[in-house]
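Here is a friendly walk through one protein chain, written to be read with the sequence and the 3D view open beside it.

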Amino acid sequence: MRIIHWFRRDLRLTDNPSLEWACQHADALCLVYIHAPDEESPWAAGAASCWWLHHALHALSESLAQRGHRLIIRHGSSLQELQQIADAFNADAVSWNRLYEPAIIARDRDIKTRLSEAGYTTRSHNAALLLEPWTIETGAGRPYRVFTPFWKAAKNTLPGEFNIAEPPDSWPPGADIEGLSIDALGLRPQHPWGDKLAAHWRPGEAGALDQLDHFVEHAAADYPSTRDVPAVAGTSRLSPHLHFGEIGPRQIRAALLGPDAPAAEKYLAELGWREFAHHLLYHFADTPQREFNPKFEAFEWRSGEAAEADLKAWQRGQTGIELVDAGMRELWATGWMHNRVRMIVGSLLTKNLGIDWRAGAAWFWDTLVDADLANNTLGWQWIAGCGADAAPYFRIFNPDTQAERFDPDRRYRDRWLSQPLAEPIIDLKTSRQAALDRYARLKEDS
Ligand code: FAD
């Protein structure tokens, strides 16, 4: 069989079921990546994601070259490019790993139908999740809306062990098909921001595997206690690697389920939140735009010039509130922000400043190297109080108290705040009360 493996967000050779299947069954193998940004969609990859993708494609392309294969790069409509390649390669089959964003599911469904109608065999596989969103449901046959029962059911369903496939050791001959250079995709940012990001990350499968080893060796055992301390490298920093599929959750689980199981429990629950986020996005497809809790559709977020100015100050790390500004500057400098600080900056934006959670989600979307539609939507709806299993509306983080608790020696704040801060743009106490009043009115109205 002549098989095309279509790389998408599965930029790895290990534990890649579609690639494995293709290598096992192909007499000739064509490896393709198609850059198909949907300009119409608000969720076309942001600047930081594009930077990451550029380097991840280079890394993948090099590791394929070492195995005698060329990664064929295309730009345009996924369907048209696949049809053209399948024709030129005289393919029998096209195989890929599944993704779960609603627009991508619809596109892939169409591609599957059109390729099948044209006589090609199509195969899709699961590389990205421990459990695909449709594989578990509540006793009443509905999707889960609350994390704890979701994760309990998921854990009961998961096999004790996954078989982790090594990179294929036998590679069928490749294809001589026209393609673009990675640079021609224009993914690198125009301004020198990318150089800053390069100081903090190593995109690609080798970088992901090293990062996992480092975490298992140095931080996993203390994860339950250090994961909330932003000055410490206590978390795995695997999120961008996971998003681009340079590593999969099965590999991480296998690496962690060693003798240190009690410490792994907490970490695996965070992977559980990732699974839950995908479950929700699959079953509640409009939640990147609309509140999960419909009561909030009537909520009056601030708008107008003053709100715009506050949003800008927040984005630039100029709110005058130390921990918030430190977090926003970490984000700008590194493309990542510690999870606790994400919650704190999100709470300030949506609760104290009364600004729509979608504005925060959009900024994160553009600046995070790990920007992920499922996780970002869940995070923002959770912090705004309108999401599934959300923080209750009266939970308003006080950034100063949080700083005393999680950054008592100021190490995190001092790392990111080089100049003295401006006057705070908001009084934490009065804005907290105003937020409580707004949320309470919402409760009364419903
Ligand atoms: P670790 O603590 O090492 O966790 C391991 C993995 O578990 C992470 O890589 C991630 O894949 C997953 N995970 C951890 N926490 C969560 C969570 N709360 N929800 C879903 N998955 C989780 N995460 C993203 O990957 N992309 C996003 O766009 C994103 N946006 C967020 C927005 C807000 C407002 C908030 C509060 C959280 C957001 N998160 C997002 C979740 C979380 O902050 C990051 O996954 C985490 O900080 C990544 O760092 P890490 O890999 O070191 O995490």
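## A tour of the model

S236 sits in the loop that links α8 (223–226) to α9 (239–243); helices here are DSSP runs of H or I with at least four residues, strands are runs of E with at least two, and both are numbered from the N terminus. Before going further, please note that this is a predicted model, in which local features need pLDDT of at least 70 and side-chain atom pairs count only at pLDDT 80 or more, while totals for chains, interfaces and linings use all residues. Residues are numbered from 1 along each chain as its sequence is written.

Is S236 buried or exposed? S236 is buried, because 23 other C-beta atoms lie within 10 Å. The cut-offs are these: a residue is buried if 20 or more other C-beta atoms lie within 10 Å of its own, exposed if 12 or fewer, and partly exposed in between, with C-beta atoms placed from the backbone. Leaving aside residues up to four places away in sequence, S236 touches Q211 and F215, where contact requires C-beta atoms, placed from the backbone, within 7 Å.

**Positions listed in UniProt**

An unreviewed UniProt entry lists Y223, T235, S236, R237, L238, S239, Y267, D370, A371 and D372 under "binding site". These positions span 150 residues in sequence and their farthest two C-alpha atoms are 22.7 Å apart, so they do not all gather at one spot. UniProt positions follow the numbering used here, feature names are shortened, and annotations may be inferred rather than shown by experiment. D372 is buried, with 24 other C-beta atoms within 10 Å.

The unreviewed entry in UniProt also gives residues 1–130 as "domain: Photolyase/cryptochrome alpha/beta".

In helix α1 (residues 17–25), the buried residues are S18, L19, E20, A22 and C23. What covers them includes the strands β1 (2–7), β2 (28–35), β4 (93–97) and β5 (121–125).

Most residues other than glycine have a negative phi. D15, in the loop between β1 and α1, is not a glycine, yet has a positive phi of about 45 degrees. D15 is buried, with 22 other C-beta atoms within 10 Å. R410, also not a glycine, has a positive phi near 65 degrees. R410 is found in the loop between α17 and α18 (411–416), and is partly exposed, with 15 other C-beta atoms within 10 Å.

T148 belongs to helix α5 (residues 147–157). With 12 C-beta neighbours inside 10 Å, T148 counts as exposed. T148 and G272 are 124 residues apart along the chain, and their C-alpha atoms are separated by 9.5 Å.

**How the helices pack**

Two packed helices are described by the angle between their axes and the distance between the axes. Axes are lines fitted to C-alpha atoms, for helices over the stretch in contact, and angles run from 0 to 180 degrees between N-to-C directions.

| Helix pair | Angle | Axis distance |
|---|---|---|
| α14 (339–352) and α16 (373–384) | about 55 degrees | 9 Å |
| α13 (322–334) and α17 (399–406) | about 75 degrees | 7 Å |
| α13 and α14 | about 115 degrees | 9 Å |

At their angle, α13 is roughly perpendicular to α17, while α14 and α16 are oblique to each other. Angles under 35 degrees count as roughly parallel, over 145 as roughly antiparallel, 65 to 115 as roughly perpendicular and the rest as oblique.

The contact of α13 with α17 is made by E322, L323 and V324 of α13 and P399, Q402 and A403 of α17. In the contact of α13 with α14, L323, V324, G327 and M328 of α13 meet V341, I344, V345 and L348 of α14.

Technical notes. Two residues are in contact if their C-beta atoms, placed from the backbone, lie within 7 Å.
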